[in-house]
Amino acid sequence: MYRIGFDAKRLFNNTTGLGNYSRTLVNNLAYYYPDNAYFLYSPKVQKNEDTQEFINSPSYSVYVPKGLSKAGWRFYRVRQQLKQHKLDLYHGLSNEIPIGLDHYPIRKVVSVHDLIYKHFPKQYSAYDRQVYNFKTKYACEHTDQVIAISESTKKDIVDFYQIPEEKIKVVYQSCSEHFFQDKSTALIEKVSHRYQLPQEYMLYVGSITERKNLLGILKAMTMLPKAMEVPLVVIGGGRAYKEEVLTFIAQNKLTKYIHFISPKNEDLPFIYQKASVFVYPSFYEGFGIPIIEALFSKTPVITSDCSSLPEAAGPDSWLVDPYQPEAIADAIDKVLENSALQEKMIERGYDYAQQFRGEPLTQQLVKVYEGIL
């Protein structure tokens, strides 16, 4: 039995990518390897439907800083608790580990998701770029093992930080097991009615930010023939870029074709399974969990031909240049018009996704742990 600690800030306080990664990873470890003791460290804990299973559970010990001051706790002061709890291993789940942990008898692993701030520096303030760069570089240099969530991210770590390849292991991400189950038609229609979804629709799931390129989909929709006027359901939040999106929708008279919804997480698999196609032309991703959610939901995927996206989508998804709206439009047209192509993409995409199930990925993760313990 090992005593394993995690940086659980994102697990308890992030409802999207990094939070989903943390919750799925820790939950799978506790399920498949219940003999270990799991410690979750977070500056604060939000109680909601996503985090409830980690609170007051015998599978986990949750720790937050005492007193009012939380500044610097994850990066420095948490070390005393890690030592006190006699951890065998500490896993930083989002690009960072506490500074100075080298002097403690605790093995260290860090998951690095992406180096977006290196590829798109203008999307970050100078201060944020400096902080992200320092924390990620420090973690990669001072940890016993780096886990990259894709081969693309591994290449970035080597290229930008000159970390030896042998120090980096690629362990892909899984998604919630709710996406693995075929839902009944009756329940799908019930959820569809709840959110007033169109009978047929394309689907986009992700933050509404410039990098994820929702505008690319909207521009493509203006290029489709009248016969292909299939609505788009958008799930995700945004600020400044969302205003750009709304302006484009109004100017191009797309309002009746775009449906913004904010469903409960438990309803997401039903919405994926009803979609005709999942469209995700992001400019850059560390991995792309929504893609494998779509593959497990037996929904055809159109995504980008760059960064990690081909790794997540597999050879039978339709890959496009995200900088070319006409390529996105052509892909949508071809996929929606060809039922035989859809079936091929669904069947082969589902087969490809089996490598992303929780059990084999958790076995790979534990093998990494055991290699340094």
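## Nonpolar cores

The largest nonpolar core holds 94 residues, of which F6, L203, L218 and L232 touch the most other members. A nonpolar core is here a set of buried Ala, Val, Leu, Ile, Met, Phe, Trp, Tyr and Cys residues joined through side-chain atoms within 4.5 Å. Buried means under 20% relative accessible area, exposed over 50%, and partly exposed in between, with a 1.4 Å probe and protein chains only. A second, separate core has 18 residues, including L115, C140, Y161 and I163. In soluble globular proteins, nonpolar side chains tend to be buried together.

Apart from neighbours within four places in sequence, L232 is in contact with M202, L203, Y204, L214, I217, L218, M221, Y257, I258 and H259, where contact means heavy atoms within 4.5 Å.

## Basis of the model

This is a predicted model, in which local features need pLDDT of at least 70 and side-chain atom pairs count only at pLDDT 80 or more, whereas totals for chains, interfaces and linings use all residues. Residues are numbered from 1 along each chain as its sequence is written, and side-chain values use heavy atoms, with hydrogens and water left out.

## Overall fold

The chain contains 16 helices and 13 strands; helices (H or I, at least four residues) and strands (E, at least two) are DSSP runs numbered from the N terminus. The radius of gyration is 21 Å, close to the 21 Å that the globule rule gives for 373 residues, so the chain is as compact as a globular protein of that length. This radius is taken over C-alpha atoms, and the rule is 2.2 Å times the number of residues to the power 0.38.

Along its principal axes, the C-alpha trace spans about 65 × 45 × 40 Å. Of the 373 residues in the chain, 54% are buried. Among contacts with a separation of 6 or more, 67% join residues 24 or more positions apart.

## The buried aspartate D114

D114 lies in the loop between β5 (107-112) and α5 (116-119). This residue is buried yet has no salt bridge, and the nearest side chain of opposite charge, R211, is 5.8 Å away. A salt bridge requires a side-chain nitrogen of Lys or Arg within 4 Å of a carboxyl oxygen of Asp or Glu; Lys and Arg count as positive and Asp and Glu as negative, while His and the chain ends are not counted.

A polar atom of the D114 side chain lies 3.4 Å from the backbone nitrogen of I116. Not counting residues up to four places away in sequence, D114 touches N95, T153, Y284 and G286.

The buried residues of α7 (151-161) are S152, T153, K154, D156, I157 and Y161. They pack against β5, α5, α6 (126-142), β6 (145-148), β7 and α13 (309-313).

Helix α12 (residues 289-296) is mostly covered, with eight of its eight residues buried.

## Residues with positive phi

Most residues other than glycine have a negative phi. Q162, which follows α7, has a positive phi near 55°; Q162 sits in the loop between α7 and β7 (168-170) and is exposed, with a relative accessible area of 59%. N56, in the loop between β2 (37-41) and β3 (60-63), has a positive phi near 60° and counts as exposed at 76% relative accessibility. K298, which follows α12, also has a positive phi, near 60°.

Terms used
Polar contact = N/O pair within 3.5 Å; in protein donor to acceptor, adjacent residues only side chain to side chain.
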